[in-house]
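Hi,

Here is the structure I promised to pass on.

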Amino acid sequence: MNLLALQRSMREYLIRGADEIRAQIHGDPSPRLAVYHHAYRAQLLDCLRDTFERVWAWLGDAGFEAAARRHIESHPPHSWTLNDYGDEFDRTLSELYPDDREVAELAWLDWSLRRAFDGHDATPVTADALSGIDWDHAILCIVPTLRMRLISTNCAAIWTALSKKNAPPAAARLHAPTALRVWRKDFSPHFRAVDSIEQQALSMACDGASFAAICSVIAARMESSRAPEVAGALLAGWLQDGLIIAVENR
Amino acid sequence: MPATSVASFAGFGLGLRPPHYRDFLRGDVPVDFVEVISENFMVKGGRPLNILAAIRDRYPIVMHGVSMSIGSADGIKLDYLLRLKGLVDRVQPLWVSDHLCWTGIEGFNSHDLLPLPYTEDAMRVVCANILLAQDVLERPLLLENPSTYMSFADDEMSEWAFLSEMCHRTGCYLLLDVNNIYVSASNHAFDPLAYLAGVPAERVRQIHLAGHSDNGRGLLIDTHDHPVSDPVWLLYRAACARFSRVATMIERDDDIPPLSDLLTELDLARALTAAWQRAA
C-alpha cells in the first residue's frame, strides 16, 4: 500500500472506524490503533470543552459530553488550526435541544467571544476624531471583531452568572426583539445586549451605510423628533465601547 | 540569500505555556531560550501576539509547530506555510521545528501526530515537503522524532535510518526528543542506544525532555503530564555523550506544575550536561 492509500485508510479508521488499516499494522493492531482512536476524539472533546465553557457548565458533564461526541462523530476537523473547531457546534446543539434555544445561543456567545479574543487588531477612535466631521457624508468604520446575532432567550444573563460561578437564572424567552453584539476592546472580549434599533443601525454601519442613512432608518422607526437623540446616544455608546475605528467622508 | 545552516545554541530552555506567562513576562526566569508553539500565535491579533512580542524582547525564541504535516502524501499546505512565514518574520526565532509525522490529508486534519511508514515512498514525500517548506520559510527546518504507538508491516528501514537519510537529502536538522525515543523504543522493542548512535550527531540542534505514562495495555504514551522519568534521564545522559552544543528543554503540556518545578528539572539537565563535559 502506498503512502497516499495508507493515509486514506487511517483517516477512514479515525473518522468511521474502517478496518482496512488494520492489515498494515505490524503486530496486534487493536491496542495500537486504539491509542490514536482515543487521542483523536479526546483532543477534539478537550477543544470543545475549552471553547464552550459556559455551555459545558449549563449542560453539565454528561450532557455536554454527549453533545460533543455527537458533534465530533459528524464533524471531522478540516482547518489547520484547532481554533476553528466548533464553528458549527451551535447547530449541533440546536438539533439536540430544539426546545431549549438558550443552549445554542450560549454556544454562539462562547464561540464569538473566543473568536474576538484573537481577532484582527484595530485602534478605536476617540471623541476628538469626531470633531469637524461632515455628518451628511460620514461613514463609520466598525471594529473587525464585531459579531452580532438576534437572540430569543436570556442567554446573556445565564452566561454572566455562569462566568461568575453564580447560580444561573432559569432559561426564559425574551419579550422584546433583542440582539447580542460581541467585540474586543483592547485585549478583552465584551458582549452587550442591544435592542432591534441598535441592531439594525449597527448592521447598516457594518455594511458601509452612511451615518445619515442610519439616522433616516432610526427616524422611520420612531417619532421623528426623538431620532436625533437616539442616534446620538447610539453613537456615544459605540464610541465608548471602542466600536468605531475610523470615520470616513465619502 | 536564505540561510542554509542553523547555528548551534547550547542553552537550556522551557516551553512557554499560559500558566507561566506572568513569570516569563517579568523577564527574570533563568533560561537561555523559550520555545513557543507556533500555531498558538498564528492568529490575527489580540493578546497572544502582544504577549509573544513581550517575551521576544526578553528571551531568544525557538518556534515549534504541530500542524505542518510534513508527511502528507497530498503535499504540504502553502497557506499554512505562508502564515507560518509571517510569524517567523515577526519573531525571528533561532530556528523553526515541527514533527516527522502527518496530521491530515485531503482536507481532513486529525490534529494528532500520526506515524509514517518508513519506506522509500514516504521518504520521497517527506523530502519534497521539507524542501518546499524550507524554500518558503527561507531557512532549514528542524524535524522532531515522534512518539509512535504502531509501526507498519511495509517498513523498509528503522526510524533513525529514515531520519539520517532525510537530513542527507534535504539539509534539514533534528530536534531529538529523548522521551519519544524511550517511548517508541519501549512500544516497538528497539534499543534506544542504537537509535542515539544511528542519528547524524552533526544535525542535532535541540533536545526535548518530557514525561510519559503507561496506558496499562503494554504501551507507553507521550503524555507530557509527568516529570521526566529516571530512564529518560539516563538516556539523556547517553545523549550528552553523543551530541555536543545542543539546546535542551523540558516540555510540559498537561498537569502543568509551578514554574519552579520545571526549573528544578531543567537544573538536572544542566547538571548532567556539565558532568559529562567535565568527564570528557
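**Around helix 4 of chain B**

The buried residues of helix 4 of chain B are covered by, among others, helix 1 of chain A and, from chain B, helix 3 (78-91), strand 4 (96-99), strand 7 (141-144) and helix 5 (159-170). Contact here requires C-beta atoms, placed from the backbone, to lie within 7 Å. Helices (H or I, at least four residues) and strands (E, at least two) are DSSP runs, numbered from the N terminus.

Before going further, please note that this is a predicted model, in which local features need pLDDT of at least 70 and side-chain atom pairs count only at pLDDT 80 or more, while totals for chains, interfaces and linings use all residues. Residues are numbered from 1 along each chain as its sequence is written, and chains are lettered from A and ligands numbered from 1 in the order in which they are written.

Back to helix 4 of chain B, residues 120-137: its 18 residues should span 26 Å at 1.5 Å a residue, and the end C-alpha atoms agree with that at 25 Å apart (the expected span is 1.5 Å times one less than the number of residues). Its buried residues include Ala122(B), Val126(B), Ile130(B) and Leu137(B). Buried means 20 or more other C-beta atoms within 10 Å of the residue's own, exposed 12 or fewer, and partly exposed in between, with C-beta atoms placed from the backbone. After the helix comes Glu138(B), with a positive phi near 60 degrees.

**Where the chains meet**

Contacts link 36 residues of chain A with 39 of chain B. On the chain A side, helix 1 (3-16) and helix 2 (29-51) each supply at least two residues, and helix 2 gives the most, with nine.

Val6(B) sits in the segment before strand 1 (12-15) of chain B. It counts as buried because it has 20 C-beta neighbours inside 10 Å. Leaving aside residues up to four places away in sequence, Val6(B) touches Trp95(B), Pro140(B), Leu142(B), Tyr173(B) and Arg205(B).

Trp102(B) stands opposite Leu114(B) in strand 6.

Best wishes

Note on methods
Contact = placed C-beta atoms within 7 Å. Pairing = 2+ DSSP bridges.
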